[in-house]
Amino acid sequence: TATTNPDGTYSFPDIPAGSYTVTESDPSGFTSTTPNSLPVNLTDEGSAIADFGDMVIGTISGMVYNDTDGDGVPEAGEDGIGGVTVTLTDAAGTVVATATTNPDGTYTFEDIPDGSYTVVENNPSGSSGTSSNTVPVNISNGASATADFGSLGNNLISGIVFTDIDGDGASEAGESGIGGVTVHLTDAVSGEIIASALTFPDGTYTFENLPDGLYTVTETDPAGYASTSPNSVSVEISGGVPATANFGDLPSNSVSGIVFTDIDGSGEHENGEDGIGGVTVTLTDTATGNIIATVTTSVSGTYIFENLPDGAYTVAETDLPGWSSTSSNNVSVNISGGVSATANFGDMISGSVSGTVFNDTDGDGKAGPG
């Protein structure tokens with residue numbers, strides 16, 4: 001056994017006459033251009049030569065991703081799509097290899113000799129490409145190449161029906177979905193119902209493969225619930241860009257809300273202001289002064305009182321030690337005819353100074369929505 005010199009040469013000296021086989025093991029990152037084993041015959045005092053050709057090999061890799069903004073460029077927040085077939089063909093059009101994308105959308109073709117190739121992506125079911133499905137690549141001197149592919153669901157409308165604990169109409173952490181709710185999709189022009197769906201156990205639903213156009217999505221309140229957001233939402237679908245319509249509901253005759261860390265001290269619950277768990281909230285009959293019920297907020301800061309008779313109530317929050325309120329600790333609510341009420345409470349750690357530096361797009365000096 002011998003190891004080649006820095007210039008690639010090797011020799012086996014003092015070999016008796018006879019028939020031999022010389023075998024080369026490809027070095028890492030190379031592939032052979034000649035047979036790896038060569039027969040040689042030695043005569044008395046004779047010599048033989050066995051040369052081996054190798055070529056640097058490269059890789060071709062990339063990603064199939066959910067191109068949510070449809071610009072054909074992979075960006076942060078655009079997740080990969082797994083299970084997509086990607087094919088590699090050579091300059092003659094012969095299929096060299098086939099790969100299936102990993103769960104994160106990536107794929108790799110390894111040990112590719114120098115040459116010209118084409119990478120072809122087969123759009124996943126229900127999607128269309130936002131970039132070319134065919135990408136030419138060249139491998140030279142073992143260099144690697146990349147081919148990414150953007151895909152987008154074909155005109156889908158999706159959303160969630162959720163328990164809107166804080167009554168703001170927006171789906172947030174700690175507000176679970178409601179399964180088994182009927183959602184209708186209507187053609188806004190003809191007024192005809194195109195499709196209907198029941199929400200999954202997590203409250204989500206999807207209408208797929210829709211033609212471009214204007215639609216109305218309508219939610220039917222489940223029994224014992226009342227809406228905190230409009231029951232009908234108008235959406236327009238065009239060019240494969242997906243649309244969303246969410247619906248908030250609360251149990252009829254209930255009082256609910258959230259105790260939250262009021263970072264900017266506004267008394268209003270806003271994005272980025274997390275809930276506070278373990279806070280005691282008490283419900284009192286305003287007329288009699290009798291305590292109806294007491295609960296402790298969940299880890300996400302939410303609470304709810306359900307199945308209440310019509311009437312006037314007072315909801316009171318007890319500050320945790322070391323915290324002080326940025327909103328009133330007592331909120332009066334009225335329950336009537338199945339309509340639910342909400343009472344949120346803002347708190348701030350005592351002896352703290354906090355706030356928000358915000359992009360004041362309207363220049364009014366106030367942190368408004370958005």
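Strands β23 and β24 form a hairpin in which five residues lie between the two strands, and Gly289 in the turn has a positive phi of about 80°. Strands here are DSSP runs of E with at least two residues, and helices are runs of H or I with at least four residues, numbered from the N terminus. The model is predicted: local features need pLDDT of at least 70 and side-chain atom pairs count only at pLDDT 80 or more, while totals for chains, interfaces and linings use all residues. Residues are numbered from 1 along each chain as its sequence is written, and side-chain values use heavy atoms, with hydrogens and water left out.

In general, the strands of a sheet pair through backbone hydrogen bonds, either parallel or antiparallel. Two strands are taken to pair if DSSP finds at least two bridges between them. Between β23 and β24 there are five bridges in the antiparallel sense. Thr284 illustrates both pairings: its bridge partner in β24 is Ile291, and in β26 the partner is Thr314. Val281 has Glu317 as its bridge partner in β26. Strand β26 in turn pairs with β28 over six bridges, again in the antiparallel sense, and there Val315 has Val331 as its partner in β28.

The chain as a whole has zero helices and 30 strands. Its C-alpha trace spans about 120 × 60 × 40 Å along the principal axes. The radius of gyration of the chain, taken over C-alpha atoms, is 34 Å, whereas a compact globule of 370 residues would have one near 21 Å; the globule rule is 2.2 Å times the number of residues to the power 0.38. Buried residues make up 32% of the 370 residues, where buried means under 20% relative accessible area, exposed over 50% and partly exposed in between (1.4 Å probe, protein chains only). Of the contacts (heavy atoms within 4.5 Å) with a separation of 6 or more, 55% are between residues 24 or more positions apart.

A nonpolar core is a set of buried Ala, Val, Leu, Ile, Met, Phe, Trp, Tyr and Cys residues joined through side-chain atoms within 4.5 Å. The largest such core has 18 residues, and those touching the most other members are Ile60, Tyr107, Phe109, Val119, Val137 and Phe149. Two or more residues come from each of β4 (54-66), β5 (85-90), β7 (106-113), β8 (115-121) and β10 (134-139). Leaving aside residues up to four places away in sequence, Val119 touches residues including Ile60, Val86, Leu88, Tyr107, Val137 and Phe149. A second, separate core of 17 residues includes Ala197, Tyr205, Ala243 and Phe247.

Finally, the whole structure holds four aromatic pairs, meaning rings of Phe, Tyr and Trp (its six-membered ring) with centres within 6.5 Å; planes under 30 degrees apart count as stacked, over 60 as edge-to-face and the rest as tilted. Tyr10 and Phe12 have ring centres 5.7 Å apart and planes at 65°, so this pair is edge-to-face. Tyr10 counts as partly exposed because its relative accessibility is 27%, and Phe12 is partly exposed with a relative accessible area of 41%.
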